[in-house]
Amino acid sequence: MTQASWTKTQKSDVTQTSKNSRLKFIIGGAVLIAAIAFLVVNAMSGSTQLYKTVDEFYADKSRLAGRDLRVAGWVLGDSIQYTQIDAMNSRLEFDIVDDYARPEQKLHVVVLNEPKPDLLQHEAQALVEGRGDENGVFTSIPGGLMLKCPTRYEEMEPEV
Amino acid sequence: MLADIGNFALVLAFLCAIFSVVAAWYGQRTSQVAWVESARNATIVVFPLVFTACLLLVISLLRSDFSIEYVWRVSSIDMPAYLKVTALWGGQAGSLLFWNLLLAAFTAAAMARKWDEQRELMPYALIVASLTQIFFLFLVVFIETPFARLDVVPPDGNGLNPLLRHPGMIIHPPMLYLGFVGFTIPYAFAMAALMANRLDDSWILTTRRWTLVAWLFLSLGLILGGRWAYDVLGWGGYWGWDPVENASLMPWLAGTAFLHSVMIQEKRDMFKTWNMFLIILTYSLVILGTFVVRSGVISSVHSFAQSAIGPLFFGFIAFMFVLSAYWMSKRRADLASENHIESMASREAAFLYNNFLIIAILAVVFIFTYYPIISELFTGEKGFVGPPVYERALAPLFALLLLLMGVAPLTMWYRSSAKRIEMGVRWPALVATLFVAVLFAFGMRSWGALLGFWIVGFSAILTLLEFWKGTRARMRRGEGPWEAYMNLLARNRQRYGGYWIHIGVLIMAFGIIGTELFQQETQIRLQSGESLTLGEYQMVFNTVDRFAGLDDLMITEATAEVYKDGRLVETLRPRSELYTRTMQPMTIPDSVSTVTEDFYVLLVDWEPLTPNQATFRAYLNPLINWIWAGGVVFVIGTLIAAWPDRREEKVLVLDPRRTALGAAD
């Protein structure tokens, strides 16, 4: 008899523990999700950029000018210019386009006091963080210029 | 001719893989052992076939056979032989072929090794691994064929991208691939356990070493990638939160969570569902990572050709995910555990917190990486988040994880007393506080850094104390100090190897805090004899020389003397290399490297006509070498944990519960 009642208590105890632990898990999970959400939202507030191509920038120029953007475009090799203004200041400039067939729709990228990246050359794809103005001049933030390896290593057609 | 044989071998391998899936499934359904055995042989044969294809491609590369498009794409006649060999994974088609080779090798090894021990799981594991193989073989047979021919044979090839000629870059991709591919094996066994409804921990024990080895390679790939970026990319950094980097970090995180949580299943038979979920997640992230890298879905600075394989990858991930989800829900009841966490201050709870934190980090990285897609979905505009956002969100999570790393070893299974933990942390906390107080007295005022260093110091002391306690206990039994320590490691490789990994991580964290919070940089144009000063370093510029190097290289090299406290430390030669055939420049930094910091210099610009003027960019990277040193310790720790243990294997064979042989026959 004693044995029977002991078993019974044990069983309901187990159910109780199981319920408790499930509750703990649900609460823990909710706290976890809330914490992640807080960290994500908090870190992102005011620090996200819109990602645009050159053409997208022009399509909505009045709204996008002056905003934090990351633009992507193809480099026009002839436009690359690096000027050492004085000992401490340099200026790197080049144009990017979406389509080489339409070179007039271009952004003029200006990067101050940064080295000229090795990969900056004709047909390289540039990603630039910064702000553009209505005249199509796009000023990069420090460290805001990144380049993809020129695609010719993978996509060029053979010339004989 | 070679190309035809190569293609034929791949087609044959593809057919073998398909046959093995069908035969294994049929044999298992109808209980015909001969079919299953035949499936196994077909799986093993895939390896020599893919190997033959790889060999033929390498021979074609060495012979500069430009009738093969891939050879033309990634190599040129005067490239050194070792680069021609490594060009095997220098482009899309070749790297997919290489993926196939590694996967075939891993699968064949897994099938050959434990076949008799795991008769019940093997047919299913074979099916799952072969499904993955079929997919990747499909890609190289039908979509990205490495043996595609050119109609007209060009006189010379494109040459390998110069950025990929660095030793770090030669080893980095194979390491990542090994890591990626390696996780296929534990995933295959996990799925096999689900399908065969053998949900005890035998699949975990069988694949524990596979998991550790895959994880090791993935870790090595990440560390070497960082080192390569630091040495070659010339931006003074090693990690940029680029989607492609994240694509390999995410499976690493999921794998790390899995490696920790399986220990709860081994000890307490709990968390079976969770472990299944984690290995499925790891595998999915591996395939997703391979997909992201190659599809151009997310804009990244890493370049891979964008090709038609994107939708196929997506389909494959979806298929495997649905398959996994189906089997998990089917075995829902069997995965439930009788045991529960009894105390929130127990070892199992500590592992649970560890999992929570790692999954939280993973979730944050995932959200940010895919933010362009997520934001476009909700707002119609592609958004983007940069590295500072990652760092702000992740810093608290990493800090908690490092703290937990120190405290967790003090907990016991089932429950541990608060008093015991309190006693354990008291002295380490005090010593860490003293350490930070000294830093403060020397003028450090960054609260982030002080807190970071406190946590690292605290956890490092606690971890080292674990070694001390274990060794001392053995010494009391009459062993000498070294003998006691070595026996401690040998008796419990998993645990103490794990602690060495923790020490490695803490050393790396120490370095990361140093470089992230105290990096300085400057850029200046100098005339001969002029100098720049950064921190305690003064660099005097001498001259710029131009000369021809190997191959088609044109080298521009600056010479500059570096002084510290007025004494000459080293003469640096930062340079710019120009590969004249492709007109691809490469900036090679030079640095004064010490335990406390790197003084890292780039030659940015020079006047072609005069040797007397050049522009330099210099970085002072405090504690950066701790990152690499920590990486070495980390790898050694993983090797200790993964080293074959004869006693353990014996146990596995002798334990009837884990020996399917008797049951199956």
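## Strand pairing between the chains

In strand E1 of chain B, B:Phe384 is the bridge partner of A:Gln49. This pair belongs to the antiparallel arrangement in which E1(A) is joined by three bridges to E1(B), residues 383–385, where two strands are said to pair if DSSP finds at least two bridges between them. Helices (H or I, at least four residues) and strands (E, at least two) are DSSP runs, numbered from the N terminus.

The model is a predicted one, in which local features need pLDDT of at least 70 and side-chain atom pairs count only at pLDDT 80 or more, while totals for chains, interfaces and linings use all residues. Residues are numbered from 1 along each chain as its sequence is written, chains are lettered from A and ligands numbered from 1 in the order in which they are written, and side-chain values use heavy atoms, with hydrogens and water left out.

## The interface of chains A and B

The size of an interface is often given as the accessible area lost when the parts come together. Between chain A and chain B the buried area (the accessible area, with a 1.4 Å probe, that two parts lose on being put together, summed over both) is about 4800 Å², and carbon and sulfur atoms give 59% of it. In terms of contact (heavy atoms within 4.5 Å), 49 residues of chain A meet 58 residues of chain B.

Eleven residue pairs, both members at pLDDT 80 or more, are in polar contact between the two chains; a polar contact is a pair of N or O atoms within 3.5 Å, where within protein one must be able to donate a hydrogen and the other to accept it, and residues adjacent in sequence count only if both atoms are side-chain atoms. Helix H1 of chain A gives the most to the side of chain A that touches chain B, with ten residues. By class, that side has 25 nonpolar, nine polar and 15 charged residues, with Ala, Val, Leu, Ile, Met, Phe, Trp, Tyr, Cys and Pro counted as nonpolar, Asp, Glu, Lys and Arg as charged, and the others, Gly among them, as polar. The rule finds two salt bridges across the interface, a salt bridge being a side-chain nitrogen of Lys or Arg within 4 Å of a carboxyl oxygen of Asp or Glu; B:Glu381 and A:Lys52 meet in a salt bridge through their side chains (2.8 Å, N to O).

## Fold of chain A

Chain A has four helices and six strands, which follow the pattern α-β-α-α-β-β-β-β-β-α along the sequence. Of its 160 residues, 39% are buried, where buried means under 20% relative accessible area, exposed over 50% and partly exposed in between (1.4 Å probe, protein chains only). Among the contacts in chain A between residues at least 6 apart in sequence, 51% join residues at least 24 apart.

B:Leu56 lies in helix H2 (residues 33–62) and counts as buried because its relative accessibility is 9%. Not counting residues up to four places away in sequence, B:Leu56 touches B:Leu2, B:Ile5, B:Gly6 and B:Phe147. B:Asn275, in helix H11 (residues 272–295), is buried with a relative accessible area of 0%. The side chain of B:Asn275 makes a polar contact with that of B:Gln265 at 2.7 Å, and contacts beyond four places in sequence include B:Trp203, B:Phe258 and B:Met270.

Strands E7 (residues 575–579) and E8 (residues 584–588) of chain B pair in the antiparallel sense over five bridges, with B:Ser576 opposite B:Thr587. E7(B) and E8(B) form a hairpin with four residues between them, and B:Met583 in the turn has a positive phi of about 55°.
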